[in-house]
Amino acid sequence: MNTLAVENLTIATPHRVIVENVSLTIASGAILAVLGETGSGKSLIGSAIMGLVPTGVSVSGRIVVNGRIYDARDAHALRSLWSKDIFLLPQEPLNALAPLLSAEVQVAEQIKAPKALAGAAAALSAMQLDTEHHRKRPFELSGGMAQRVMAAIASVTGAGIVIADEPTKGLDADRRDVVAQVFKALRESGRVILLITHDIALVRLLADQIAFLDERTIIESGPADSVLRQPRTDYARRYIASDPSTWERRPYARSHTPKVIEADHLRIGFGNRILADDLNFHCHAGHISALLGKSGIGKTTLGRTLLGQATPLGGSIRRPIGKQGRFLQKLHQDPTRVFSPWQSLGRSMEDLRRLPDGERILNEVPGLMRRFGLRRDLLARRPHQISGGEAQRLALVRILATKPGMLIADEPTSRLDPPVQEQVIRYLRKVADEDELAILLITHDRDLATAIADRRMLMVAEATSPATLRDVTQAPLHNIRTAT
């Protein structure tokens, strides 16, 4: 029988306590979801169980694995449990996968059978990863594809305890449900699953128990159904209410502001492969246009083509005459990769001073940081020393300080917990309204698009045909769900 317990776990840096006296217990065949704001220490709990606490961070307490007690400080003993007893599905799959091995080989390594490669191919296909991607190495995969490779590895692991840190980040709703089915099967086989997430939809699908982490400790826990239905603490109530599925739908209104960008019969892709064809659309100043569609369909490629980072295969893109330089900006899907890993974040922000009006731009940063709930001491750290959500908000601060005319935001809240997501998205809405910033929001979150966007566009494809674009702004939500 598989069991996992965390007893009086405390995690701290020389300057502050991050997690204090946290205790959790998960029985065989159960899923415990840990929810909490970005930077609250959720991922560090998983890291501590694996013996992966970063350098400079101290840890104390006990980890109990299948009845065996380990000192949380004994990283060597905890790491000896990898794959055999405990498997980690990490938050950053591209960093966790071996860079020189293909996807199918990395899955096959977890399968103890003569036909391991065949089993790996089946596991990857079950995650809706097309066979053309099975032999690709991690750097050739999108973030969502890499996430599915890790989910495939989790589906075949022999470990009785699975720690899943944001396992559905970057996945559309359909593929999120596929991953959820994997975890249900693991639970039915008697596995113990610690689910670290801010995806409330996933929690509703999977969790048996919920624990809310705030102010360094667990402030509320209990059966998932009762906690989600009647949370006892103000924090849990705010957290659940910030789920976009509870927001009002943004009403439709005709556009009266100038067009910022316009595409006619646009064809996109790479090499000889056409991802999408005959795309016709435009974005207006002060409007948020949401771009929806399945993972890998071409949404990110469309954004890169609009930015000039990829060459159109056909058609045309028109922008306002004279609008060059910083007019178009991109908020990347993975902000940890846009800051230099070798210097502090503050030093990276100082690079703004090199721009023609750099002093003015740099002066915008403190106020924007306050708006996004970012502490000034984050600037003294390097990218790997902050959470993904903190990096996302800081990347957004750096972009908005330049006052662009249009922002292409690729999954801008995929790393944020619901309360911070709501804060960021509502501020983007405010900037669009007050500064007439045009925003192309590339997202998998249909509820978010429905609540915040002025226009909703859906990329769809049939069989092997290139994708096309549909305007679903006034379509009923269930029609959008079926189409995606």
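Where is Leu-101 found? I looked this up first, and Leu-101 lies in the loop between α3 (93-96) and α4 (103-108); helices (H or I, at least four residues) and strands (E, at least two) are DSSP runs, numbered from the N terminus.

**Ground rules**

I noted that this is a predicted model, in which local features need pLDDT of at least 70 and side-chain atom pairs count only at pLDDT 80 or more, while totals for chains, interfaces and linings use all residues. Residues are numbered from 1 along each chain as its sequence is written, and side-chain values use heavy atoms, with hydrogens and water left out.

**Entry on Leu-101**

Leu-101 has 30% relative accessibility and therefore counts as partly exposed; buried means under 20% relative accessible area, exposed over 50%, and partly exposed in between (1.4 Å probe, protein chains only). I then found that Leu-101, Val-105 and Leu-117 form a nonpolar patch on the surface, and that together they have about 210 Å² of accessible area. Patches are made of residues with over 30% relative accessible area and no salt bridge, with like charges joined within 9 Å and nonpolar side chains (Val, Leu, Ile, Met, Phe, Trp, Tyr) within 5 Å. Accessible areas come from the Shrake-Rupley method with a 1.4 Å probe, and for residues only the protein chains shown count as cover.

**Entry on the whole chain**

I counted 17 helices and 19 strands in the chain. The radius of gyration is 23 Å, close to the 23 Å that the globule rule gives for 484 residues, so the chain is as compact as a globular protein of that length; the radius is taken over C-alpha atoms, and the rule is 2.2 Å times the number of residues to the power 0.38. The C-alpha trace spans about 70 × 50 × 45 Å along its principal axes. Of the 484 residues, 55% are buried, and the accessible surface of the chain comes to about 21,100 Å², with 49% of it belonging to carbon and sulfur atoms. I also looked up contacts (heavy atoms within 4.5 Å): among those with a separation of 6 or more, 70% are between residues 24 or more positions apart.

**Entry on Arg-62 and its surroundings**

Strands β4 (residues 58-65) and β5 (residues 68-71) run antiparallel and are joined by 4 bridges; two strands pair if DSSP finds at least two bridges between them. Arg-62 has Asp-71 in β5 as its bridge partner. The hairpin of β4 and β5 has 2 residues between the strands, and in this hairpin Asn-66 takes a positive phi near 50°.

Which side chain meets that of Arg-62 in a salt bridge? I found Glu-7, at 2.7 Å from N to O; a salt bridge is a side-chain nitrogen of Lys or Arg within 4 Å of a carboxyl oxygen of Asp or Glu. The pair links distant parts of the chain, since Arg-62 is in strand β4 and Glu-7 is in strand β1, 55 residues apart. Arg-62 is partly exposed at a relative accessible area of 38%, and Glu-7 is also partly exposed, at 26%. Strand β1 (residues 4-12) also holds Asn-8, whose phi is near 50°, a positive value in a residue other than glycine.

**Entry on further salt bridges**

The structure holds 27 salt bridges. In one of them, Arg-176 joins Asp-177, with the closest N and O atoms 3.4 Å apart; Arg-176 is buried at 18%, whereas Asp-177 is partly exposed at 31%. In another, the side chains of Asp-377 and Arg-375 meet at 3.2 Å, N to O. Salt bridges that share partners also join Arg-250, Arg-429, Asp-433 and Asp-454 into one network.

Is Arg-148 buried or exposed? I found that Arg-148, which sits in helix α6 (residues 143-156), is buried, with a relative accessible area of 3%. Leaving aside neighbours within four places in sequence, Arg-148 is in contact with Met-127, Gln-128, Leu-129, Leu-171, Arg-175 and Ser-295.

In helix α11 (residues 299-307), 7 of the 9 residues are buried, so this helix is largely enclosed by the rest of the structure. Its buried residues include Lys-299, Thr-301 and Leu-302. Just after α11, I noted that Gly-308 takes a positive phi of about 85°.
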